[in-house]
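The following paragraphs go through a two-chain complex step by step. Please keep the sequence and the coordinates open while reading.

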Amino acid sequence: MAAPMLANAKGPLDGVRVLDLSRVWAGPHCTRILADLGAEVIHISGRALVGRREVTRETAKVLGTYPDNEPGERHWNRNVLNNDMGRNKLDITLELNTERGVELFKQLVAISDIVIENYSPRVMPNLGIAYPALKAIKPSIIFCSMPGYGPEGPFQHFVSYGTTIDPHSGLASRMGYPGEEPHMSGNAYPDPASGMFATGAILTALFARHRTGVGQHISLAQAESGAALTGEASLGYQLSGEVSPRIGNGHLRKAPHGAYRCAGDDKWIAISVGSEDQWADFCEAIGSPEWAADGHFAMLADRLSNQGELNRHVGEWTRGKNAYDVMWQLQAAGIAAGVVVNADELMNDEHLNQRGFFWMFDHPEAGTHRHAGQPIRLSETPARHYRPAPTLGQHHPYVLGELLGLSADEIAELEETGIIGYVPLVRER
Amino acid sequence: MAAVSNRGSQNTGALSELTVLDLSHHVAGAYCGKLLAAFGADVIKVEAPGEGDGARRVGPFPDGKPDPEASALYLYLNTGKKGITLDLSSDEGAGVLRELVAHADALIENFAPGVMESMGLDYATLSAINPRLVMASISNFGQDGPYRDYRADTMVEMALSGQMYVNGHPEREPLSSTGYQPSYQSALYAYSGIMAALLARDRDGHGQYVDISIQEAMASEHQFTLNGFTASGSIRMRAGNRYGTVHPTTIYSCKASNGRPGLVSLGISDPTQYVLFLELLDMSDLLEDPRFSNPQLCARNSVEFDALVRPWFMDHTAEEIVHALQDNRIPAAFVNEVSDVLEDPQYESRGFWKDVHHPVAGNHRYASLPYHLAEAPPVYERANLLGEHTDQVLAEKLGYDGERLAGLREGGVI
């Protein structure tokens, strides 16, 4: 199932070197794509930011992200969240609050193409490695910064996560039960969404650099990605004078349109019926029960105004049925329907597996796990499964030794003086 | 050419050497084309004569009156494009498109799988005409596999990508969103796929095919969901208006002010922030309570926790809370409707909203892009009218004369 189709093809970003100072999800999602596409992504972390020193079995169980809930001797190398984001990347540690750390970072900048960071806007200037300083070292460097709110404006210093950007940007206002408050994404959606914008911006800057030789600064505000992804709604408000209300899983131009309970524990089927033709097909597919022929539901306008009753009938029809049976039956009749899959069903989805979507990674400390693959499917220079996520500091010898030319003694000295290391530092309160 | 253009300013953007054929409809392909146009690519939107892109019929419309030239969905998703009409289902129309392909760098389409082939416009045919062509197809489930021909919309994509299951209240039905997020995400993957293919073309000399599945786009945007399962077999569940693993990462009710409902967002996940937060509320004693000693444990006892902090929130407005918390480096934010975001001072300070004039819809403020490229500032021009540039494009690119154009028009091809 592991992917490489054209084993010898070079990735489209082969030869591109990325210094990745990003953390959590938005930035790492972007650099994961760059790495999948063949870039040499060097993830650089300060050891105080790697995570807490101790992870008890109790905590591991709550988080659920350590293999078999066992944090192991070096939990930082076993966290599957990090290993998912870290696949295909290299890893070094570097304390950037030290002179020597900054010096080494600058030497790496001189031989790299892209720097990406998602710190708050004061961090990079405080460390003396803001864009102007790096541009002076390497004029063709592409530098992407992606703080929550951007490096200017009244909220520039606000601390943020995807979970707070979601309501601030208006995204959460587009989800919610009828008449209720905005509802947060259960999945911190603004994070990967911002990562996608960053990826596009970086590739655009690389394309421009191929022509002009000039690098540039990319300034991305994660809060703006949510507003860009609801741009049709903010324009619609200006045109119509109305903000469309929260209507749960309802739809302004389709009915029935919703999630209906099926047989089993917390099993649901999403069914979407739009046109009159689809309604006729739907009625036929479900064996045209009496209510389907009811004049109450004949035309879309009728179905929309009698939605409560309609949804009750559809829900009664699905209730005792297997969700997959309903999906197969309705899709065979050309009706949009999908099982509301949980993590288990998603990873075992027949279609995704036949397309080879999931990639298997065999990690030396975390074991073998399947992860989401790369949705960017390129016919000639495919995204690849190059290597599992690195362990903390695994690539000191390559990056500091081979790339920067430090001797083994010099690298050992860096470790002795705490500039690099293999174990997280205790976080200071 | 003297033709009236919506592309008033000279494009000197990062992508100004590129010509893109945009055969999109609705959201997914259209947003991808819009992004390429923003950086100066010459994006030619190809629509069916007469009716055009279905997004023209969706709205919202000015004063609620349907007008194919004033649908918010179309206007937003097609900024900066040239518009031509071409009946691709006719042999002659498909033939014109194949001629245009010879002049194109990229082509975007989001028809159902098999439709391009049925019109003689599949990648094998087009790449034989122009080996340097990068062609991107966006579809619900990709170009192969058992669900290839399945029907879907936003909600069904949210369902089959595992996103919907984790949205909503645990005791109630899972929630989709009313926007178009799966389509938008697939557009972003397609954009990066096209850019990567163009970079590879610089090196390898030939184009390639990009197959983007909306389901895969959304299935790749999981954090705890897939990793929790692959690591320990745990299944992430809906948690209501909460993040589930840490608390208080949630939306709280608070004191209403300035006619806005009292709601505020908190994103506390870090123990340091959690301690500071309880200090601020003068409730540090909760740290001694084993139910609430850190954000993870608090998440498991969030109902009890919320009841304890509720009085403090109801005593303060969102404005007071956000600033008090942020002054202590604790993540908090406003809860905005899209109408509020238009007035938000932060977006204003970055010049996020762009004034765009459209001859039918009028002057409005459009969301721009969340990033600035210092050396390649994007341009924001209005959406094309239906068939606005048909004559101009076919004359400039293919050298068609007035007679040829009149013939195509009579035949209903353009």
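Helices and strands are taken here as DSSP runs, with helices being H or I of at least four residues and strands E of at least two, numbered from the N terminus. In those terms, Asn88(A) is found in the loop between α3 (80-86) and β3 (89-93) of chain A. Asn88(A) is not a glycine, yet its phi is positive, at about 70 degrees. Most residues other than glycine have a negative phi, and most peptide bonds are trans.

The model is a predicted one. The predictor gives the complex an ipTM of 0.96 and a pTM of 0.96. In chain B the mean pLDDT is 94, with 97% of the residues at 70 or more. Residues 1-5 of chain B have pLDDT under 50, and the model has five contacts for them beyond four places in sequence.

Two peptide bonds of chain B deserve a look. Gly59(B) and Pro60(B) are joined by a cis peptide bond with omega of about -5 degrees. Pro60(B) sits in the loop between β2 and α2 (72-77) of chain B. Another cis peptide bond joins His247(B) to Pro248(B), with omega of about 0 degrees. Here the proline, Pro248(B), is in the loop between α9 (224-232) and β7 of chain B.

How do the two chains meet? The contact involves 128 residues of chain A and 130 residues of chain B. On the side of chain A that touches chain B, helix α8 (residues 190-212) of chain A gives the most, with 15 residues. By class, that side of chain A has 67 nonpolar, 47 polar and 14 charged residues.

Strand pairing also links the chains. Strand β6 (residues 216-220) of chain A runs antiparallel to strand β12 (residues 371-373) of chain B, and three bridges join them. In this pair, Ser219(A) stands opposite His372(B) in β12(B).

A strand of chain A also takes part in a sheet with strands of chain B. This open sheet has seven strands in the order β12(A)-β6(B)-β5(B)-β4(B)-β1(B)-β2(B)-β3(B), and its pairing is mixed. At the edges stand β12 (377-378) of chain A and β3 (82-85) of chain B; each has a single partner strand, so one side of each is left without a neighbour in the sheet. Within the sheet, strand β1 (residues 19-23) of chain B runs parallel to strand β2 (residues 42-47) of chain B, and four bridges join the two. Val20(B) stands opposite Val43(B) in β2(B).

Helix α1 of chain B connects this sheet with the next topic. α1(B) lies across β1, β2, β4 (106-109) and β5 (134-139) of chain B, and runs at about 160 degrees to β1(B). Two packed helices are described by the angle between their axes and the distance between the axes. For helix α1 (residues 28-38) of chain B and helix α7 (residues 181-204) of chain B, the angle is about 45 degrees and the axes are 8 Å apart. α1(B) and α7(B) are therefore oblique to each other. The crossing of α1(B) past α7(B) is right-handed. On the α1(B) side the contact is made by Ala28(B), Tyr31(B), Cys32(B) and Leu35(B), while α7(B) brings residues including Ser183(B), Tyr184(B) and Ala187(B). The residues of this contact divide into eight nonpolar, two polar and no charged.

Chain A has a helix pair of its own to examine. The axes of helix α1 (residues 26-36) of chain A and α8(A) come within 7 Å and cross at roughly 45 degrees. That makes α1(A) oblique to α8(A). α1(A) passes α8(A) in a right-handed crossing. Among the residues that meet are Cys30(A) and Ile33(A) in α1(A), and Gly195(A) and Ala198(A) in α8(A). By class, this contact has six nonpolar, five polar and one charged residues.

The last stop is another sheet in chain B. Three strands form this open sheet in the order β7-β8-β9 of chain B, with antiparallel pairing. Its edge strands are β7 (249-253) and β9 (332-334) of chain B, each of which pairs on one side only. Neighbouring strands of the sheet are turned by 25 degrees against each other on average, direction ignored. β7(B) and strand β8 (residues 263-267) of chain B are antiparallel and joined by five bridges, and Tyr252(B) stands opposite Val264(B) in β8(B). Helix α13 (residues 318-327) of chain B packs on this sheet and touches β8 and β9 of chain B; the direction of α13 makes about 150 degrees with that of β9(B).

Technical notes. Residues are numbered from 1 along each chain as its sequence is written. Chains are lettered from A and ligands numbered from 1 in the order in which they are written. This is a predicted model: local features need pLDDT of at least 70, side-chain atom pairs count only at pLDDT 80 or more; totals for chains, interfaces and linings use all residues. pLDDT is the predictor's confidence in each residue, from 0 to 100. Two residues are in contact if their C-beta atoms, placed from the backbone, lie within 7 Å. Axes are lines fitted to C-alpha atoms, for helices over the stretch in contact, and angles run from 0 to 180 degrees between N-to-C directions. Angles under 35 degrees count as roughly parallel, over 145 as roughly antiparallel, 65 to 115 as roughly perpendicular and the rest as oblique. A crossing is left-handed if the near helix is turned anticlockwise from the far one by less than a right angle, and right-handed if clockwise. Ala, Val, Leu, Ile, Met, Phe, Trp, Tyr, Cys and Pro count as nonpolar, Asp, Glu, Lys and Arg as charged, and the others, Gly among them, as polar. Two strands pair if DSSP finds at least two bridges between them.
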